[in-house]
Amino acid sequence: MRVAEAVGQGLAKLGADTVFGVVGSGNFHVTNALIAGGARFVAARHEGGATVMADAWARTTGRPGVVSVHQGPGLTNAMTGIAEAAKSRTPLLVLAAEAPEIRSNFHVDVAGLAAAVGAVGERIYSPASALADVQRAYTTALGRRTVVLALPLNVQAAPVVQHGETATIQAAPRTYPAGPAPEAVTAIAAVLRGAEQPVFIAGRGARGRAGRPSARADLERLADASGALLATSAVAKGLFRGNPWSLDVSGGFASPLAAELITGADLIIGWGCSLNMWTMRHGKLIGTGATLIQVDDDPTALGAHRAVHLGVVGDVAETARAVADALAGSEGGGSEAGDSEGGDGGGEPRAVRDKNERYGGYRSPALRERIEREVRWRDVPFTDDSDGQRIDPRALSIALDDLLPAERTVAVDSGNFMGYPSMYLSVPDESGFCFTQAFQSIGLGLATAIGAAVARPDRLTVAALGDGGALMGVSELETVVRLGIPMVVLVYDDEAYGAEVHHFGPDGDPLDTVRFPAADIAAIGRGFGFDGVTVRSAGDLDPVRDWLAGPRERPLLIDAKVTSERGSWWLEEAFRGH
Ligand SMILES: Cc1ncc(C[n+]2csc(CCOP(=O)(O)OP(=O)(O)O)c2C)c(N)n1
Ligand SMILES: [Mg+2]
């Protein structure tokens, strides 16, 4: 057996059951060996797409993604996706064939490319070490790293040196960090006890991963015991879906009420959340005098984006549980349901009722009602700019929110439009939202949607794209059709790189480089095998209704010609970050 086959089989044994890629001569045998080992191979049309699909699949399943690419250009094509995954700490293994001979036209510095974008460079060194090398790389990926595993062609072609590894290769152990230090738990409990208007912001670290549920239940229990409101960063949108105290997303996408309440907090705790410029609007969402606490299982994350008063190393769920136990203990046992003696406290524990009565805490019945009425963007009044020729993207998004089934996955590309689907389309939970925006690249949205759809075929996947991002990633439309995914591709089409138009337009700069003639993107979709519909007004949505009614034999592309008089408010934040 050649090393290439042993590597593919070994990976399949380690748990690689879904592999994305584009096959060339250098990754042909290893990919076939993965398939022979039981893995499903999903062929993309571009390595950038393949990598983003594997990334989105990993985010949606909570398991390490695997992508297989050809040497040289196969890897360089994948680099944007690798950068996105590395910045997002996606557990991802990139199988990168390598032409080791420096004079080969295919030769590139694989380890150098990996390091340049924050990924971990690994390689199979020899036939004797190959399986151990694969296991090490997979284990590193499991620790939430993006790993580029160089597979030199000469090593791949050599006969495998058997040390019995094929028989003994094991799924890498999943180890998680130990619980938080007891004094840290006591400290958080003390600060929470004194906080009148606390807000929790849960980030990526609160999401579920391989074999482990999200931290939702533990955070909700602690929030109930301490009177906290609940919010998320964009990448954890949906985590608290349905909780009456949920403010949805904090940051540029926060609704006016959410922003008001986060800004009014006297204590903000980031749970597996970096509290970065996006999530905190460059600090504008932090009220004067607010105390900041950050809990993260990665010590290097603490204070990395923003100075905090208290940084705690610990797993999110475990820490929340320990703090809730500490609070319950300090209140003579049973500060939870058992202590809510009827009255109009709404079942809140005594400590929370006291906060409400004494200081206008965040768990009053009046505020609960206000949250129910006002916290969703779609309930915020606006003047509909639709004019019959172009539809207001807010009106479009609200109409689609009503039409689309609740069991959906929303994937969002980058651009001026990106807030509309993120803010107006609700999602059933955190795995129903896939936000590959750490590198802020346009053109990743469609591949994101495909990876998420492969992971969750039970949900209707919506790829929300700008016209620029849609045309950049257009080759993967064929992948959607070929895989038979009943997906909705929704293009917010302003016939421009709207982000640039709105950024530079006010300065009077020429905008010819960022404006485009009208393109019939619905026809382009039909060319690939989609049902295509052009939407200029709400009345044009009838074919969408019909498509949703079934049988959804072909995917649907909606080319929505949207109004674009003004730039979006979240975009200003984005440009301030440059
Ligand atoms: C790969 C890449 N190239 C260029 C950019 C710069 N850029 C940011 S937003 C944007 C415009 C995107 O246009 P579109 O997808 O139509 O969305 P819109 O802004 O018009 O809503 C561009 C070119 C980028 N972020 N990524
Ligand atoms: Mg555009």
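**Figure 1. Pro551 in the loop between α22 and β18.** In this predicted model, Pro551 is placed in the loop that links α22 (542–549) to β18 (556–561). Helices (H or I, at least four residues) and strands (E, at least two) are DSSP runs, numbered from the N terminus. The peptide bond that joins Gly550 to Pro551 is cis, and its omega is near 5°. Local features are given only at pLDDT of at least 70 and side-chain atom pairs only at pLDDT 80 or more, whereas totals for chains, interfaces and linings use all residues of this predicted model. Residues are numbered from 1 along each chain as its sequence is written, chains are lettered from A and ligands numbered from 1 in the order in which they are written, and side-chain values use heavy atoms, with hydrogens and water left out.

**Figure 2. Asp248 in strand β9.** Asp248 belongs to strand β9 (residues 246–249). Although Asp248 is not a glycine, its phi is positive, at about 65°. Most residues other than glycine have a negative phi, and most peptide bonds are trans.

Figure 3. Ala, Val, Leu, Ile, Met, Phe, Trp, Tyr, Cys and Pro count as nonpolar, Asp, Glu, Lys and Arg as charged, and the others, Gly among them, as polar.

**Figure 4. Backbone atoms at the oxygen atoms of ligand 1.** A backbone N or O atom of Gly498 is 2.6 Å from an oxygen atom of ligand 1. A polar backbone atom of Phe417 lies 2.9 Å from an oxygen atom of the ligand, and for a polar backbone atom of Ala496 the distance to a ligand oxygen is 2.9 Å. On its own, ligand 1 has 580 Å² of accessible area, of which the protein covers 78% (Shrake-Rupley method, 1.4 Å probe).

**Figure 5. Contact of α1 with α2.** Ala4, Glu5, Val7, Gly8, Gln9, Leu11 and Ala12 in α1 meet His29, Val30, Ala33 and Leu34 in α2, where contact means heavy atoms within 4.5 Å. The residues of this contact comprise 7 nonpolar, 3 polar and 1 charged.

Conventions
Polar contact = N/O pair within 3.5 Å; in protein donor to acceptor, adjacent residues only side chain to side chain.
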